[in-house]
Every structure is written in structure tokens, then in C-alpha cells.
Amino acid sequence: MSDRLLSVNAYTTLDLLDGEAEAHEFTESAYAVVNATAPRKNPDHVKLEMELDNAELEHLPAHADRVRLTPEQARTIAADLEKYASKVEANLDDSDD
Amino acid sequence: MVDAGADCLQVELLGGHMPTDVERWKSEVYGNEIREHLMEFAEQGWESIPEDEHDAWFERFKWWGLYHQRNGQESYFMMRIGTPNGVLKPGQTEVVAEIADEYARGPETNPEFGDGYVDWTTRQSIQLHWIKLEDIPEIFEKLEANGLSTQQACGDSWRNIVGNPMAGKAPEFVDAWPVIKELNETFKGNDDHSNLPRKWKVSVTGSPDGSGQGDINDLALEPASKEIDGEEIRGFNVRVGGGLSRNEPRLARDIDVFVRPENAAEVAGGMSALFREHGDREDRYNARIKFLVDEWGTEKMRRVLQEEFVDFELETAGEDIREQYTYNAGGEEHGDLIGVHEQRDGNYYVGLNVLVGRMGADDTLELADLAEEYGSGEVRISQRQNVMITDVPEDDLDDLLDEPLLEDYSPDPHPFMRGSVACTGTEFCSLSIVETKNRQVRYARWLKENVELPDGVEDFHIHLSGCTASCAQPQIADISLRGMKTRKDGEPVEALDIGLGGGLGENPQFAQWVGQRVPADEVPGAIENLLATFEANREGGETFREFIARHDEAELEEFIEPKETSYEDPYMHNTKMTWYPYAEDDDMDASPAPTDGEGNSIAPADD
């Protein structure tokens, strides 16, 4: 096992998620950390990063993935997330009935 | 993700770069300007700080050692008093105790520690909590009248200089205290070294025990000797680029420089200036000098230092005495300064164990009294969050050791008590994920009652840090614990990542991380299992560190067997979501914050 790559503190967006990595040959699952952030000085992009707990990984080495987003791209993701959040919420509320 | 650090106010004010001397003048007023504003706000009260300027002002207040406490505790500040090398001169401990007693009280009390307490930190400084803005003028007046300061205890500048707290009194290979004093006087508050790319942590050690922990500092001066023109000169070897935070721990690296004590300030200043000019100002996450050392290597580091930042020919490294290092070394001897030790003047110092570094104001007052009565009145703070009473004549030792205070702060504590270090945690800190100090108190107590250490194991260091900032220095402990979360019985609960086998000494080593997200209530059981495994498989009299070092990753992962035991943890829930973990109604909505200068709630009525 290796140390985590992403720093995790109270400002990390989400520190306890069910994560999965899919490859052609295998699928792995592990707890995950997801974080949205931007550089503190001269923030010129939004960073979205994710790390699966390497303790639970059998195939993959310890790693973190990240994408650099423009403000527009970040908002596009946010909008899609909102949309699907509503959809899931509605469905879960329905099945409660 | 937010990162703590100081904005460059003077650049904001001036809109860009300015000629050096003007910048220097502006910098000179920078700290004073902030202080003026701070005092104005204090006079007028919390609500006088414009709400949309809160973040900017809280950044600036860090210049004066004030950190705004976390969500749910608005209008309260943590105050850090920087005491170079952890030295409290006669009278100063009493002042700290009195300030804690009068001002470090909040709307709730801590179930282990009550109210009005003092935290001794891993950088030999002092932290007080629940400080009201409105009390700052009185507090600063009292501190400054007694030679104490909160200035630049935080921010992108020289942090509190550390070393062997007993410099000047304990046996030393070379005298460190004059160097520490000179560095502090020259560089603390020095405008040329006040807007660095990032924090700058310096350690100066003169004693042969390695207790300055130089290996984890940006700049380390460690005792060494060199033959120069036929004469054996004692001075310091220079190492650069140590540091623990953000999962990128580094040991300070040897840049092949030996410095005489009288030249130490020039070389330290040169290194600081090098950092100022060449450190990464674009990316704060890449800014510490440890990354520059990674990038350049030690040869280039030395060359640039020599060519651009010092005016004399640097000597190559001398002979160090690292083979004598015992502090935090995980070896045969106690790796700390606890207990009775002879000073070089024939008197003694007595190191007292302060469990997780927290001492009530009453006890701190008593400490001051005992130091006055038995010693010279001086008290020293160590990086293991403990304190020393200095200058005790041999004839008075027995009486001091009989004092009731020493039952609670023992010079001969149980290994689990003596080995515990913990950061501030979710009680007050906005970075932390989990409860720390009280938890480590509970852990230490349970372990002491329930777990035997193998024969001959006198030391066992467990450091608990609430997040990856690593303020409790987990990477250099036998057992490193670091805050996380996990799910248990369907609920999110506080958990800890576990690392093993860290330590300093001649050959320092960072812990190997071998367990992730172990529920906090299963960690004592995991430690119990681990020690049983150690005992069963120990070869000869090998130390825990040696035992861990000879096993590979996979084997070590097997050693982590979390289990529930009789240990109970009442704070498994997400304490960072409470306004204060120990409040009876801890719901964020129940917070009285913000409060006025008297502690009366001024929270908006619609909460």
C-alpha cells in the first residue's frame, strides 16, 4: 500500500464515496475521494480530481486522476449533476411511496 | 480546497511591484497597518468587520498570530504565541497561564480538559483558543509587557525557530542558543524575509541528541565539526528541504555546507533569500523549498547559494554526530526529554509529560510557581508537546519530584502516555476531519490499562493528526494515525489511516502507510493486535522500528487487524459537522456564534 496522493482535509469536497475503476480486463471498486478546487493565486482553471483508496486496489497502482476545466466546462458539469440529482431524487422519492 | 497562507497586502495596496526601498517601507507598515486595523476592530467589536471582507481580514490577522476558528465558532480566534526554541523566561509562564485563565474560555467546556487551557505545540509554541477580538488589545499589551509576541507565528514567513529546548543548559556539542537568538532577532519581522513563497521552518541543534528534529525542517543546522587550517572548528552542517505536509514528506538534504556559528545567520539569510527568489510563487502546492531541492538537486542548491546569496566562500560539510541521535529515534534510549537530566552547570532539568500537550490554566500557573520555587523560573517547551523545569539544584530534586503537579505531568510516565502527540483537531481547527486530542487521551488511557508492551520496550510513539496537514507529525512516529472517514453499519463515521515504523535518528524514516479508513473505535484493537504480532515475531531485542523495517508492504498490511474492544468512542459521528463536538446540543444550528465581546450570542434571529 502507498500513501494517499490527494490531500484530504475538511475542505475536500467529498471524502467518502463509493468508487469504481473500469478497465477492459477488470473492474475494481474502492472508497473514493473527490475534490473540486482552483489554484489559490491566479486561479485560471477549475480542477476536478478523484482518488480511489489504493489499499483496496488489486490491479491498479496508487493514483489520482484529475481534469482541468474552464469556468464554462465546470458549469456544464454542475448543470448535468444538478439535472441528474433531481432525477435520482424524484425516483427515490417515488419508490418511497 | 482552501489553503492557509497570507495574501500579499502590500501588492494589493500598491497594485504591483515597487522599487525595493519603497517596497521595504511599505512592508514595514504592512504589519503595523494590520495591527492598527485589528485594534480598531477590537475597539468597535466583531460586527465592525464588514462581512464580505471577513476572509481578507482573517488572512491579515494571521500576521499577528490569530487564526479564526472554524464553522460554528465564528468570532472566536486561536492565538499562537511564538517562543523561539520554546524558551519561556522567568515570569512568562505565569503570564501565559493568566491570559489563558482570563481569556481562553468559550461557550462550552471540554470534557477532558475543562475550560481555560494552554496548548504546547509541536513547534515549541503556545496556542490558546476561544480568544475574542475585543480582548486583543489587553492581551497584546500584557504579552508585550512581558517580552512575548504573537507576530508572524503564522503566514508565509519565518515560523517559530525550533531546536533542543534545553539549548544553553543541556550538554551541547556546539552552542545553539546564541545562533537561535541571532536568527530570531535578524529575521523575525524582517521585511526582506516576510513575503516568502510559503512558510519557512528553521531548526538549529547543538546537542548530540537530534532533538531539534532538523530532518523535517526547511532549513536545518545540525552539530558538526571541521578541521580548518589545522584547527578543529565546531559549528553546523546545513541541510535543506525537509517537511511533512500534504502527503509529500521529505527529509532535509545535505547540501555539503559547514558553517561556523558566527556565520550561521548569513548563511541562513542566504538560504531564505534563495527561497524568496526561486521558490514557486505560481503554485502554492509546489512552493515549499523541499520541491525546489527535488527539482534542482543539492549541488545546484549549493552553487546558487554560493554564487548569489552569500558573500564568502562556503566550507564543505564537516563531520556530523548523527550516530549519537536519540530523539524520536525509536532506539534503545528514551527518545524524548522527559525525566531528570543533568545540565552542564551541575543543576538539573526535569522534563514533564503533558499528555497531548494540553495543560489547564491552573496547572500552568502551578508549573510557573514550581519553576520559580525550584528552578530559575524558566520553562521550556519541546516538540513532543512537553515542558521542562530548568535549573533545579540536585538537593531540591526529591522535593520537586514529590510535588502533586508531577502526578498529573509525570517525569516517569507510562510509554503510551509519554508517546502520545495530537494536533488540535475538529474541536477548533477548520482543516481537521476528526476529533484528535481527546481521542488520543482515551486511546492512551485504554492502551495503558489493556495492552502490555513487549519486554524492554520503553517508548512507543503514537501521533494522531486530524488531516493530511500533519501538524502532529504522524510520519515520524511508531504508529501514525491520520483522520479520514468510513462507513460502519451504514453510517459515515470517523476513521483513521494507519502508518507504521516512522522515526528520526541517524537514519530517519517516514512511516509506511498500511491501513486506510480504520473506524476510530477499532484502532486501539488494531494497535493491540499489532503489538501482539510484534511480540510474537520479534527477533532478539529488535526495536519496533527495526521490526517494521524488515517486513515488506504486503506483510505490514496483514499486521493491521482492526477490531472492536472494550474501548468506547463517543465521537464516531462526523464531529466537523458539529458547532463544537462537546456541546450538549452540538447541532450547527445550536451554535451561539458569533458572539459579542462578553460571549453573548449575536447570531441572526432567523437561525
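The buried residues of α6(B) pack against β6 (162–163), β7 (202–204), β8 (219–228) and α7 (264–278) of chain B.

Mentor: This is a predicted model, in which local features need pLDDT of at least 70, side-chain atom pairs count only at pLDDT 80 or more, and totals for chains, interfaces and linings use all residues. Residues are numbered from 1 along each chain as its sequence is written, while chains are lettered from A and ligands numbered from 1 in the order in which they are written.

Trainee: Which residues of helix α6 of chain B are buried?

Mentor: A residue is buried if 20 or more other C-beta atoms lie within 10 Å of its own, exposed if 12 or fewer, and partly exposed in between, with C-beta atoms placed from the backbone. Helices (H or I, at least four residues) and strands (E, at least two) are DSSP runs, numbered from the N terminus. In α6(B), which spans residues 177–187, the buried residues are B:Val179, B:Ile180, B:Leu183 and B:Phe187. Their arc around the axis, taken from the directions from the helix axis to the C-beta atoms, is only 100°, which puts them on the same side of α6(B).

Trainee: Why would such a spacing give one side?

Mentor: An α-helix has 3.6 residues a turn, so residues three or four places apart point the same way. After α6(B) comes B:Gly189, with a positive phi near 80°.

Trainee: Is helix α1 of chain A buried or in the open?

Mentor: None of the 26 residues of α1(A) is buried, so this helix lies largely in the open. Helix α1 of chain A (residues 71–96) reaches 37 Å from its first C-alpha to its last, close to the 38 Å expected, where the expected span is 1.5 Å times one less than the number of residues.

Trainee: How many residues of each chain are in contact across the two chains?

Mentor: Two residues are in contact if their C-beta atoms, placed from the backbone, lie within 7 Å; by that criterion, 21 residues of chain A are in contact with 27 residues of chain B. On the side of chain A, β1 (14–22) and β2 (27–37) are the elements that give two or more residues, and β2(A) gives the most, with three residues.

Trainee: What does the radius of gyration say about chain B?

Mentor: The radius is taken over C-alpha atoms, and the globule rule is 2.2 Å times the number of residues to the power 0.38. For chain B the radius is 24 Å, close to the 25 Å that the rule gives for 607 residues, so chain B is as compact as a globular protein of that length. Buried residues make up 55% of those 607 residues.
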